[in-house]
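Here are my notes on this model, as numbered points. Please read them with the structure open.

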Amino acid sequence: MLVVIILPALCWMGKLDEQLSHANGLPLDAGGRTPAAVLNSAFSPPTFHPHSQLAKSLINKTTTKTSTRIVSSLSEVGQAAWDGLLALQAEANPFLSFAFLHALHESGSASEKSGWQPQYLTLWEESCNPPQLIAALPLYVKFHSYGEYVFDWAWADAYQRNGLEYYPKLLSAIPFTPVTGGRLLARDEQARAALIEVLRSLRKDTQTSSTHILYPPAAQAAALQQAGFMLRSGVQFHWLNPGYRDFTAFLDTLERKKRKNILAERRKVADAGVRLRQVRGTDATEADWIFFHRCYAQTYAEHHSTPYLNLDFFLRIAASMPQNILLIVAERKDDRRRPIASSLLIHTDQTLYGRYWGALEFVPCLHFETAYYQPLEFCIEQKIACFEGGAQGEHKMARGFLPQKTWSAHWLAHPAFADAVANFLEREADGIDSYMDELNDRNPFRSASS
């Protein structure tokens with residue numbers, strides 16, 4: 001199991017305190033703060049002024065041919081320029097679009113107030129009139145580690161125990177979205193190399209503890225490693241569609257026990273008097289979105305947490321990118337057709353991304369129907385090749401999902417801390433590789449001979 005393989009590496013993280021304390025000559029803080037305490041302290045008025053500091057570090061980075069700009073709003077770039085650059089990327093997805101990112105910022109979901117201050121790094125070709133955007137990096141100054149899905153709370157805690165400040169840090173990611181996609185957006189490889197060089201300069205010149213790039217594709221992760229970043233691997237579960245005729249054809253490829261379990265789970269939902277409705281974004285009403293948001297907020301309430309995203313964000317993407325949206329709505333089979341649960345998925349012609357779900361009533365197995373089986377039927381019907389089910393979740397394997405490795409890249413300014421984390425990541429990587437081997441041995445599909 002994962003716990004057996006990974007736990008030794010996680011326990012070893014406790015040695016970070018010892019290593020850093022020895023390197024700094026500092027006593028350990030026996031009353032070291034918890035992640036919640038770190039978060040609370042991070043939201044006190046910061047003395048760090050990100051835009052001025054980042055901009056200052058870019059002085060003399062302008063030539064007659066190119067310039068580098070830090071932008072705090074995508075409106076400074078413009079939708080045509082941003083989406084034009086995105087269209088050139090092999091690893092583009094809807095989460096990188098102007099519509100999605102601008103909605104996050106303008107709704108306040110990802111903003112300075114919420115601990116995500118946009119400071120996008122952009123490169124421009126000045127010889128064009130007007131100047132042309134040739135490279136960009138979605139970049140935030142972060143004052144906590146929530147909403148990232150690559151967990152560095154132990155690193156932050158070790159910093160705090162040794163009298164060091166971990167926040168603010170620089171982070172390249174799509175807020176609240178653990179989806180692999182281009183981070184080093186560029187017109188060509190020459191522009192991408194220039195972007196990496198600016199990032200290398202930026203990370204050394206700013207008053208931040210570290211720089212982190214989350215969920216880059218493997219090729220970009222390798223380029224970042226060449227630029228001095230440490231790589232970290234993780235595991236997600238994706239469902240692949242080789243061209244199934246229908247849902248039954250997919251079930252026929254699974255082991256008998258897993259096939260029977262899925263049929264039993266779907267039967268429980270039907271027997272409970274629940275029907276499912278697939279709503280394309282172009283057909284969704286404001287009432288559908290208000291109901292979905294109620295379900296989404298309910299999921300967080302059940303976990304005694306606060307939702308990351310507000311209704312304004314969802315209404316913005318409903319208006320600006322409906323062609324990429326699928327809502328699943330579960331309703332009671334009565335005269336009123338009362339809705340009781342909903343899930344949200346984002347898609348392209350090639351990939352479906354599971355994002356959020358929630359229910360106002362408990363029905364056994366409704367989560368599986370709403371978040372997995374209905375989306376799988378949609379993939380098969382629309383001939384979508386891949387369904388990314390989101391972060392974590394071994395239970396997805398029993399439903400035909402297979403493990404896929406993900407990447408993140410990290411650079412830390414403090415030499416002793418960087419050495420300690422490098423040692424940890426080496427051990428963690430061995431655990432991840434062993435975990436992947438174990439998961440692949442538990443393949444849910446029938447063997448050719450069965």
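1. Is Ser97 buried or exposed? The model is predicted. In it, Ser97 has a relative accessible area of 13%. Buried means under 20%, so Ser97 counts as buried.

2. Where Ser97 sits. Ser97 belongs to the loop between α5 (79–86) and α6 (98–106). Leaving aside neighbours within four places in sequence, Ser97 contacts Trp82, Asp83, Leu86 and Met321.

3. A polar atom of the Ser97 side chain lies 2.7 Å from the backbone oxygen of Pro94. The Ser97 side chain also reaches the backbone nitrogen of Phe100, at 3.2 Å.

4. The largest nonpolar core. This core has 51 residues. Trp82, Trp289, Phe314 and Leu344 have the most contacts inside it. Trp82 is also one of the residues in contact with Ser97. Phe314 touches Trp289, Phe292, His293, Tyr296, Leu309 and Leu344, with residues up to four places away in sequence not counted. A second core is separate and has 40 residues, including Val235, Cys379, Ile384 and Phe387.

5. The cavity. How many cavities of 30 Å³ or more does a search of the whole structure find? The search finds one. The largest cavity has a volume of about 40 Å³. Its lining consists of Phe95, Phe100, Leu309, Phe313, Phe314, Ile317, Leu344, Ile346, Arg355 and Tyr356. The elements that give two or more residues to this lining are α13 (311–320), β12 and β13. α13 gives the most, with three. By class, the lining has nine nonpolar residues, no polar ones and one charged.

6. Phe314 and Leu344 line the cavity. Both are also among the residues with the most contacts inside the largest nonpolar core. Phe100, whose backbone nitrogen is reached by the Ser97 side chain, is one of the cavity-lining residues too.

7. The largest pocket. Its volume is about 1,000 Å³. It is lined by 36 residues. Thr299, Arg355, Tyr356, Trp357 and His367 lie nearest its centre. Arg355 and Tyr356 also line the largest cavity.

8. What builds the pocket. α12 (286–302), β12 (339–347), β13 (351–359), α14 (366–382) and β14 (386–391) each supply at least two lining residues. Which of these gives the largest share? The largest share comes from β13, with six residues. The pocket lining divides into 20 nonpolar, twelve polar and four charged residues.

Terms used: Residues are numbered from 1 along each chain as its sequence is written. This is a predicted model: local features need pLDDT of at least 70, side-chain atom pairs count only at pLDDT 80 or more; totals for chains, interfaces and linings use all residues. Side-chain values use heavy atoms; hydrogens and water are left out. On a 1 Å grid over the protein atoms alone, a cavity is a set of points where a 1.4 Å probe fits but cannot get out, and a pocket is an open set with protein on both sides within 12 Å along at least five of seven lines; lining residues have an atom within 4 Å of a point. Grid points are joined across faces, edges and corners, and a volume is the space filled by probe spheres set on the points. Helices (H or I, at least four residues) and strands (E, at least two) are DSSP runs, numbered from the N terminus. Ala, Val, Leu, Ile, Met, Phe, Trp, Tyr, Cys and Pro count as nonpolar, Asp, Glu, Lys and Arg as charged, and the others, Gly among them, as polar. A nonpolar core is a set of buried Ala, Val, Leu, Ile, Met, Phe, Trp, Tyr and Cys residues joined through side-chain atoms within 4.5 Å. Buried means under 20% relative accessible area, exposed over 50%, partly exposed in between (1.4 Å probe, protein chains only). Contact means heavy atoms within 4.5 Å. A polar contact is a pair of N or O atoms within 3.5 Å; within protein, one must be able to donate a hydrogen and the other to accept it, and residues adjacent in sequence count only if both atoms are side-chain atoms.
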